[in-house]
Amino acid sequence: MSIEAVPASDPIKQAAVVLPWSIVVAGSIVGLWIILALFAPVVAPYDPTAVDIANALKAPSVAHWFGTDQVGRDVLSRVIHGARIDLLMCLAGVLPPLLIGTTVGLLSGYYGGTVDTLLMRLYDLTAAFPFFVLVLAIVGVLGPGLLNFFIALAVVGWVTYARLVRAEVMAIRDSEYVQAAQCLGYSDRVVLLRHVLPNAFGPVVAYAVSDAVLVMLAGASFGFLGMGAQPPLAEWGVMISDGSRYIRQAWWICTFPGLAAISLGLGLAFLGDGLGQLRRGQVSA
Amino acid sequence: MNGPLAPSVMAGRPLLDIADVSVTFGNTRVLKNVSFQIMPGEIVGIAGESGSGKSTICRAAMGLLPSTAEVTGEVCFDDQALQGLGEAEWMKLRGRDMAMIFQNPASHLNPLQKVGKQIAQPMIRHLGLSGSEARERAVKLLEDVGIREPAMRAKSYPHELSGGMKQRVMIAAAISCAPRLLIADEPTTALDVTVQAKILELLKDLNRQRGLAIALISHDLGVLADICSRIIVMRHGQIVEQGEAGQIIDAPQHPYTRLLVDSQPGRKQFKAGWAQTEETPLLQVEGLRVLFPAKRDIVDIFRNRKAMPFAALDGVDLAVSAGETVGIVGESGSGKSTLARTIIRQNRAASGTVKLGGRPIERLAGRELLELRRRVQMVFQNPYDSLNPRMTALETIAEPIWRHGMADRREALNQASKLLDMVELPAALGERKPRQLSGGQCQRVGIARALALQPQVLIADEITSALDVTTQAQILELLARLRRERALTLIYISHDLSVVSSFCQRVYVFRSGRIVEQGAAAKVLTNPQEAYTQELVASLHRLPGHVVERENIER
């Protein structure tokens with residue numbers, strides 16, 4: 001039987017892709033946080049670092065929706081400003097490993113050979129350690145701080161992207177359109193960037209969104225442990241860590257940043273999941 | 001080959017009676033009021049292209065449609081109405097009285113079970129045989145379907161068998177309970193032609209010896225004409241014509257049947273643009289050997305054992321003159337695609353050389369290599385896989401033009417739309433991506449892309465094997481026109497000797513990496529010298545009647 005039957009279905013019907021509900025819901029949660037972060041100075045009712053000892057440890061009220069912390073800073077304002085740091089952290093934690101990993105995976109998948117074998121052994125080695133333990137060890141060596149945290153993430157994170165891209169590239173490398181591109185005399189750079197990469201990138205995007213969750217959680221945890229963001233920065237992890245000492249008198253100090261972290265984390269997780277679904281759906285369509 | 005069965009068996013009551021059956025999936029009606037009958041002991045062919053509903057009607061008869069399908073009309077098997085049967089009643093019928101075999105035997109056999117056991121299963125279930133009895137019978141059945149050393153083969157797993165043997169195993173399992181009706185859905189499409197002939201012979205024997213009625217579904221009218229007494233032609237979910245095999249082939253009434261008959265490979269000669277053979281060949285292949293390294297596993301490496309490389313091409317010599325159309329024929333694994341890939345420098349030769357215009361291509365680099373790319377282009381086999389899914393048809397065709405600096409990007413798009421017109425695609429399709437195009441349309445885009453650099457030599461590697469016959473005929477006609485207009489030198493690679501001989505001037509027959517026979521296409525087809533070529537020719541299912549001679553296909 002021939003393949004002729006496939007496009008017999010109406011092409012216009014194929015163009016209208018139905019978005020899974022998870023993407024819509026998760027997308028709006030993530031979108032909301034991004035908007036809040038972008039317009040934080042406008043949206044936040046107070047200055048996040050303004051100390052007001054007279055109003056310390058006040059419970060949530062009309063004036064302070066999320067209450068105030070031990071030195072009288074408005075928790076709501078701090079949560080909104082914290083979104084800036086945590087989202088930036090996601091970006092800074094995801095982009096470098098994504099770029100490094102994609103480049104390495106693209107080259108090693110396309111050319112193969114000894115370098116490819118060595119890189120894959122390096123992957124096995126990295127994958128043998130638990131993610132957090134390895135990041136913690138590297139930060140421990142380099143010293144606490146956000147920059148060192150991102151360096152550690154890049155060192156550990158790129159291998160997963162490399163592996164992902166490499167697998168895709170190896171399948172695409174043998175496809176007839178890549179052979180056709182080689183046969184038409186295009187340079188390796190053109191073949192890789194124009195014909196291979198765009199078709200290998202789908203799973204990377206889906207994974208990157210899920211990876212952002214991991215980075216955010218790692219960032220918050222490291223902030224909590226005092227290894228990442230340092231106080232008085234309004235970072236959610238740092239805020240939880242700070243507030244945990246007052247949890248008996250003032251539950252709101254660490255609860256609200258915690259909820260913020262959960263909602264952004266869930267939003268990103270579902271978004272990544274939905275994107276993956278969408279991609280698989282498109283492949284089978 | 002024996003003629004179709006005499007119509008005398010057609011007397012009496014029909015074995016399978018399909019009356020006014022329609023099938024609807026959601027809003028799409030895939031079958032519209034289909035009615036036909038199959039008599040006991042009869043072989044009926046159901047012909048049609050993909051999407052014509054020929055498989056759907058047979059699945060409807062077997063109760064194998066998904067629950068989302070809405071079926072109306074009546075299906076009777078041996079006077080028993082089949083509608084509304086419960087799953088338990090179906091199970092009594094399926095495999096017992098009605099059996100089915102499929103196109104791809106590999107995906108219908110359980111890879112984890114020995115084939116003997118798989119053949120024994122329906123007998124244990126339906127005939128109540130004991131395990132050992134059933135296994136004994138399975139061995140006997142394997143012998144019946146022509147498998148040598150059946151006792152040993154019964155203990156094999158599916159992956160240890162060739163495609164033809166797997167199909168024989170499927171047939172053995174299907175006939176194990178002596179059914180009265182066998183539905184065969186494209187049983188030979190995935191097989192090489194010589195194997196195909198043997199499987200059809202087997203089906204014919206089963207029909208004659210056991211009185212087994214067979215519904216044979218195929219896109220290949222030649223196959224049907226060879227073994228069926230009646231043929232039903234379907235299109236768009238409807239029966240357009242049914243009748244005696246001879247009448248359908250020789251005097252088709254419906255225009256579509258006529259088109260289908262005319263599109264059969266070998267019915268039409270495509271002589272347009274055949275050039276006179278010149279003295280100095282444009283492309284020469286001399287003593288070409290291409291080796292693929294065998295996989296060495298870790299034990300081999302430790303023992304320092306050298307892996308024996310596999311010779312995909314072993315001492316091949318051929319020559320192609322400018323303007324000539326040369327066919328390369330062979331079954332899968334014969335090395336014909338390796339040859340194409342070596343000519344376009346995707347493979348390296350172990351020894352021997354390929355010369356274009358007298359110059360060896362192996363050591364070309366930089367500018368000279370680009371020059372080679374411009375002179376030799378290729379069209380690939382799989383219409384969907386050969387186009388970048390993220391680029392529109394127009395972008396795909398325009399890209400080589402501007403990348404080779406033959407025009408700027410805007411001018412390249414202009415030229416691309418002219419090429420689109422040249423391959424007879426409407427301009428509106430230029431904005432579409434491959435998945436919004438049909439297979440035939442994709443293949444036309446592939447041809448336009450290959451011609452964008454105005455090459456001298458065009459290699460076509462099985463470009464129509466994934467297409468329906470009518471589409472295949474259209475693509476061949478297009479190629480015939482293009483080679484005349486552009487004075488192309490064509491290397492046409494195919495497993496189908498009848499296509500090659502109707503389209504090419506000269507033919508090389510490949511087997512296991514060597515050329516076994518060569519010569520003028522007509523001569524190889526009518527008077528093959530080598531045993532292997534004779535076998536190939538004998539396994540062709542050509543329609544009866546003379547080849548329609550046309551001097552030139554003018555459009």
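Hi everyone! Let me begin with a term: a residue counts as buried if 20 or more other C-beta atoms, placed from the backbone, lie within 10 Å of its own. By that rule, 50% of the 555 residues in chain B are buried.

Please keep in mind that this is a predicted model, where local features need pLDDT of at least 70, side-chain atom pairs count only at pLDDT 80 or more, and totals for chains, interfaces and linings use all residues. Residues are numbered from 1 along each chain as its sequence is written, while chains are lettered from A and ligands numbered from 1 in the order in which they are written.

Now, the overall form. The C-alpha trace of chain B spans about 75 × 60 × 45 Å along its principal axes.

Next, contacts: two residues are in contact if their C-beta atoms, placed from the backbone, lie within 7 Å. Of the contacts in chain B with a separation of 6 or more, 70% join residues 24 or more positions apart. As an example, B:Ile183 touches B:Met62, B:Met98 and B:Ala215, among others, leaving aside neighbours within four places in sequence.

Finally, strands, which are DSSP runs of E with at least two residues, numbered from the N terminus. Two of them pair if DSSP finds at least two bridges between them. Strand 14 of chain B (residues 351–356) pairs with strand 11 (residues 283–292) in the antiparallel sense over five bridges, and B:Ser351 is the bridge partner of B:Arg289.

Definitions and conventions: Helices (H or I, at least four residues) and strands (E, at least two) are DSSP runs, numbered from the N terminus. A residue is buried if 20 or more other C-beta atoms lie within 10 Å of its own, exposed if 12 or fewer, and partly exposed in between; C-beta atoms are placed from the backbone.
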